[in-house]
Amino acid sequence: MKRDLYAGSLLMGSLLGLCFVITAFAIFQDTQGSHQIDPKTKTEVLKVLDQYLETFNAKDLKAWESTYQFPHYRLASGEMSVLENAGLRDSIQVFGTLQKQGWHHSIWNHRNIVHASEDKVHVDTQFTRYRADGSKIGSYESLYVLTKENGRWGVKLRSSYAE
C-alpha cells in the first residue's frame with residue numbers, strides 16, 4: 001500500500017512537472033514570438049516587402065536599400081554577404097548580372113509570416129524571376145527576416161536558393 005502511494009505521488013509529481021514545463025514553454029513562446037501577428041504589424045511588414053520588390057524591379061538601388069536594415073545580411077549560393085551601410089554598391093554591380101541572364105522583373109508568389117514578435121518577423125517567401133517576354137527564369141524559396149529598428153520595419157536578413 002505504501003509502495004502504491006509512493007508510486008502515485010511520483011506519477012502526480014511528474015504530471016505536475018510536465019504541466020509546468022508546457023505552461024512555461026507556452027508563456028515563453030507567446031512573449032518571444034509566435035504564429036500570431038498583430039494585423040497592423042502584418043500590414044506594415046507586407047508593405048515593406050511590396051516596396052522592396054517594387055524598387056528592385058525599378059532597378060532603383062537607393063530606394064531598394066531604403067527597405068533594408070543595416071547591417072544587412074544575405075545568405076545565397078552557400079555564401080553570407082554583409083552590407084554594412086547603404087550606398088556601398090553600384091547599380092551595374094547589383095543588377096547587371098541579372099540583366100545578362102535576361103531578367104526583367106520579379107513577383108512574389110507567396111509571403112507567409114511564420115513567426116512574429118513586436119520587433120521581428122520571419123517570412124517564408126517564394127518569388128519568380130521573369131524575362132521581358134513573360135517567360136519564366138526560375139522560382140526561388142526564401143526566408144526573410146524583418147526587424148523594427150528605430151520605429152521602422154526593414155529587411156535585416158534574407159536567405160534564398162537564388163544564385
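Colleague: Is Glu 44 buried, partly exposed or exposed?
Modeller: Keep in mind that this is a predicted model. In it, Glu 44 is partly exposed, with a relative accessible area of 25%.

Colleague: And which residue does Glu 44 form a salt bridge with?
Modeller: That would be Lys 40, with the closest N and O atoms 3.9 Å apart. Both residues lie in helix α2, four residues apart, or about one turn of the helix. Lys 40 is exposed, at a relative accessible area of 57%.

Colleague: How many salt bridges does the structure hold?
Modeller: Five. One of them joins the side chains of Arg 129 and Glu 163, at 3.4 Å from N to O. That pair links distant parts of the chain, since Arg 129 is in strand β4 and Glu 163 is in the segment after β6, 34 residues apart.

Colleague: Arg 129: buried or exposed?
Modeller: Arg 129 counts as buried because its relative accessible area is 6%, under the 20% cut-off. Glu 163 is partly exposed at 47%.

Colleague: Changing topic, how much space lies in the largest pocket?
Modeller: About 560 Å³.

Colleague: Nice, and which residues lie nearest its centre?
Modeller: Trp 64, Arg 74, Arg 89, Val 94 and Arg 158, out of 24 lining residues. By class, the lining has eleven nonpolar, eight polar and five charged residues.

Colleague: Which element gives the largest share of that lining?
Modeller: α4, with four residues.

How values were computed:
Residues numbered from 1 in each chain as written. Predicted model: local features only at pLDDT ≥ 70, side-chain atom pairs only at ≥ 80, totals over all residues. Heavy atoms only, no water. 1 Å grid on protein atoms, 1.4 Å probe; cavity = no way out; pocket = protein on both sides within 12 Å on 5 of 7 lines; lining within 4 Å. Points joined across faces, edges and corners; volume = space filled by probe spheres on them. Helix = DSSP H or I, 4+ residues; strand = E, 2+ residues; numbered from the N terminus. Nonpolar A, V, L, I, M, F, W, Y, C, P; charged D, E, K, R; others polar. Salt bridge = Lys/Arg side-chain N within 4 Å of Asp/Glu carboxyl O. Buried < 20%, exposed > 50% of the residue type's maximum accessible area, 1.4 Å probe, protein only.
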